[in-house]
Amino acid sequence: MLHHVWIIPALCALSFVLTLMFGKRTPGRGHWIGITFVTAAFVLSLVTAGQWIQRSGDHVETQAQALADVDPSCSTTSAELAKSGGTDEGHGEKAAAGAADDGHSTEAAASEGEGHGAGAEKAEKEEHFSRPIVDCVHWFTSGGIDVTVGTMVDGQSVLMLVVVTLISLLVHVFSTDYVGGDRRYTHYFAFLSLFTASMLFFVLSENTLQMIVGWELVGVCSFALIGHWWEEKPNSDAALKAFITNRVGDIGLLVGVITLFFVSGSRFNILDINTAANEGSISHGMLRIASICLIAAVMSKSGQFILHTWLPDAMAGPTPVSALIHAATMVVAGIYMVARLYPVFFEGLQIGGSSVNLLVVVGSVTALFGALLGFVQKDIKKTLAYSTVSQLGFMVAALGVGAWTAALFHLFTHAMFKACLFLGAGSLSHANHHSFNMVDDMGGMRKVMPRTFATYVIAALSLCGIFPLAGFWSKDEILAGTGGWNYANGAYTFSMIMLLAAAFCTAAYMTRTVWYAFLGEYRGHHHPHESGPRITIPLIVLSVMAVIAGFANIPEGFRMGLPASWALKFEHIVEPVGIFFPGKEQGFTHAEFNGKLALVATLVGVLGIVIPLAFYYGKLPFLVNLSSRVKFFGFLKRILENKYYLDWLYTDVIVGFVKLPLAKATYWFNQNAIDGVVNGAGKSAAATGRWVYKYIDQGVVDGTVNTIGTVAGSSGEELRRSQTGHVQQYAALFFAAAALLAGVIVVVVGG
Amino acid sequence: MLINQFLLLAAVLFSIGVYGVLVRRNGVLVLMSIELILNAVNINLVAFGAQHGVSGQVFALFVIAVAAAEVGVGLAIILLIYRNRHSIDLDELDELKG
């Protein structure tokens with residue numbers, strides 16, 4: 001299965017085609033096709049994951065052996081390693097020596113030599129190499145460059161395979177009830193399948209060109225699904241906004257990939273680019289340019305601050321689509337790309353060094369500012385959308401501080417509880433006549449929707465980082481990654497404080513949604529009821545995952561009596577080790593579990609839950625109407641309600657500035673400054689001009705021009721008559737001319 | 001076999017076609033005459049193809065395909081003209097007169 005993993009996206013793509021072509025005529029109007037194929041894809045993903053886990057347990061001695069399953073036809077790194085390994089491949093030391101002789105003295109070969117020399121000094125873990133499997137076929141040749149298309153299977157892509165297919169399957173099931181009876185039901189399911197297929201295609205990409213294709217496909221699918229109910233103007237506007245905002249970042253992606261192509265010696269292969277970046281054979285400045293361009297792409301796709309504005313608007317789409325976008329497909333694509341090309345960012349932005357890099361700033365700011373925005377939303381889905389923005393900020397910050405595994409781990413756990421929250425919100429609105437307004441139309445849903453309530457609260461607690469749910473482990477790993485208080489250079493302390501503040505806000509706004517939606521008295525005017533099993537079963541599955549997903553990566557120092565082999569399982573399976581990934585030599589380290597930090601983070605989360613609850617139950621009277629009593633808080637609230645005026649900045653200031661004031665200013669400048677000079681020059685010129693006009697212009701020039709004009713006019717008048725409008729006369733002229741031409745050719749050639 | 005006979009036949013067909021295109025007032029007949037011209041070309045192509053290799057035949061096939069498309073479009077135009085003006089007399093269609 002590891003070599004034939006292309007079947008998984010192909011299954012989903014096939015499902016798209018079949019649903020589109022035959023969906024309407026099958027019973028159930030097409031959802032069975034999608035569900036069947038995505039189930040098959042999910043099962044195959046699990047099989048792949050199982051094989052990969054088994055494979056990651058095997059030990060290999062050398063880098064050449066580790067890359068033995070990389071098709072040499074698509075990766076020059078692998079081809080060179082295979083050549084230098086020679087026939088002795090399999091005998092560890094010789095192969096390593098061969099690799100070193102050939103100038104491939106990367107840290108892998110070096111550490112290998114050391115490992116054999118020093119023997120027991122090296123821990124067993126450090127001799128472990130990841131063994132990615134790359135298969136490819138020839139795609140096209142252009143300008144002497146062979147471009148391939150294929151699959152790259154390693155821990156990271158296997159993780160995404162499972163997450164994407166699982167969430168997609170649950171979303172498919174959920175949707176059968178949620179959009180049941182919709183006017184474009186079949187179309188909807190077709191695009192769900194295509195969305196899944198695109199994301200799978202993206203995560204399995206073996207080269208950067210293929211990544212662009214997947215990236216754009218994901219964008220198109222999100223456009224189609226956000227605008228699913230395009231008859232209403234706001235929905236189609238939201239779809240357009242998502243698409244256009246993403247285009248801004250796509251430019252960055254394109255420029256970044258092209259830069260990488262040229263600086264890495266005309267290579268698209270991810271493994272090759274990573275190896276080149278890691279070995280330091282690409283200049284630092286070029287890597288920095290490439291990584292900054294790529295960050296622009298990440299900012300738009302993964303909703304990072306200032307380009308996040310499309311994400312809340314994307315809530316216009318059907319709720320299951322939001323769940324899919326926010327948990328598995330689309331927004332995590334940016335995170336995935338950074339993780340995939342990590343050496344580029346690691347070297348380009350000096351992540352291991354002491355300076356603060358752009359990723360951390362973007363991530364921390366997004367985490368905090370996104371979380372703050374979650375407070376002022378009336379719409380439960382928009383709160384969740386800002387929550388996603390904030391959590392993606394956590395992941396980007398984690399990648400920025402060098403906590404690669406923490407970021408991917410958080411991606412994994414976040415997918416589970418955020419999908420659960422979104423589907424829960426969908427269940428709520430399903431019961432409330434498709435309203436998402438939790439302030440005016442909900443309340444007291446705890447009694448009528450016990451299953452939705454239970455699953456929503458579990459997922460919310462997980463998001464808040466309450467021990468021992470999934471969110472606790474992953475968030476804590478990110479916080480530990482920032483280095484805590486006493487980190488050697490302390491560069492990321494600001495990031496840790498911002499993330500802690502964001503964690504507090506997260507807990508508080510999630511409590512707010514729970515309060516408005518589930519507690520208190522019902523404020524709507526309908527008769528809500530619990531949703532059917534097709535909605536509640538996915539919720540239950542996801543909430544179970546939201547509880548247990550965190551145990552995949554229990555820190556070594558905090559096992560709570562679980563067997564030692566369980567510890568850091570996720571890190572062992574998912575994290576790449578080898579010449580294509582930063583190692584200890586480049587300063588890539590793992591943060592230790594920090595008990596004090598975990599305690600503080602949990603306290604922050606608990607406080608974030610307790611304070612709003614106390615406030616809502618009237619125990620904190622000094623907070624009531626704070627925003628209307630204290631000017632400062634009123635000011636803050638106004639800023640938040642206007643989403644930091646970013647939409648205003650984009651549409652009114654930037655677009656408006658270009659449209660009106662800039663035009664006005666240019667006009668003013670034109671009138672007063674330029675015209676002043678021109679007038680002065682003009683007056684003196686005018687005197688000269690008059691003379692020239694009288695004699696030269698009127699006499700000589702106009703005379704000539706007039707003559708030409710008259711001739712042209714009269715000849716035109718004559719020629720006009722030939723335009724009779726009779727097509728046959730034209731044909732006669734045409735044939736006559738052709739005959740004449742033929743005669744000339746006969747004479748000239750024949751003569 | 002001499003090629004002259006084919007060329008002669010093609011020339012005759014071509015001339016008949018040209019004559020039809022130039023003097024017929026009925027749009028459909030003009031289209032038919034165009035077909036004659038195209039087929040005259042086809043005969044040339046096939047005739048030369050028979051002597052110089054297969055590419056002539058291939059071109060003739062292309063011409064036939066294009067001619068079919070052309071007739072489709074032409075007949076559609078004439079049909080619409082007829083619906084609008086109740087006549088397909090080409091002499092009456094002089095709206096582009098200069």
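In what order do the elements of chain B run from the N terminus on? I read them off as α-α-α, with three helices and zero strands in the chain; helices (H or I, at least four residues) and strands (E, at least two) are DSSP runs, numbered from the N terminus.

I note that this is a predicted model, in which local features need pLDDT of at least 70, side-chain atom pairs count only at pLDDT 80 or more, and totals for chains, interfaces and linings use all residues. Residues are numbered from 1 along each chain as its sequence is written, while chains are lettered from A and ligands numbered from 1 in the order in which they are written.

I looked up burial next (buried means 20 or more other C-beta atoms within 10 Å of the residue's own, exposed 12 or fewer, partly exposed in between, with C-beta atoms placed from the backbone), and 16% of the 98 residues of chain B count as buried.

I then turned to where the chains meet, taking contact as C-beta atoms, placed from the backbone, within 7 Å, and found 11 residues of chain B in contact with 10 residues of chain A. The chain B side of this has six nonpolar, one polar and four charged residues, where Ala, Val, Leu, Ile, Met, Phe, Trp, Tyr, Cys and Pro count as nonpolar, Asp, Glu, Lys and Arg as charged, and the others, Gly among them, as polar.

Last, I checked the hairpin of β1(A) and β2(A), where two residues lie between the strands and A:G143 takes a positive phi near 60°. A:T141 has A:D146 in β2(A) as its bridge partner.

Key
Pairing = 2+ DSSP bridges. Contact = placed C-beta atoms within 7 Å.
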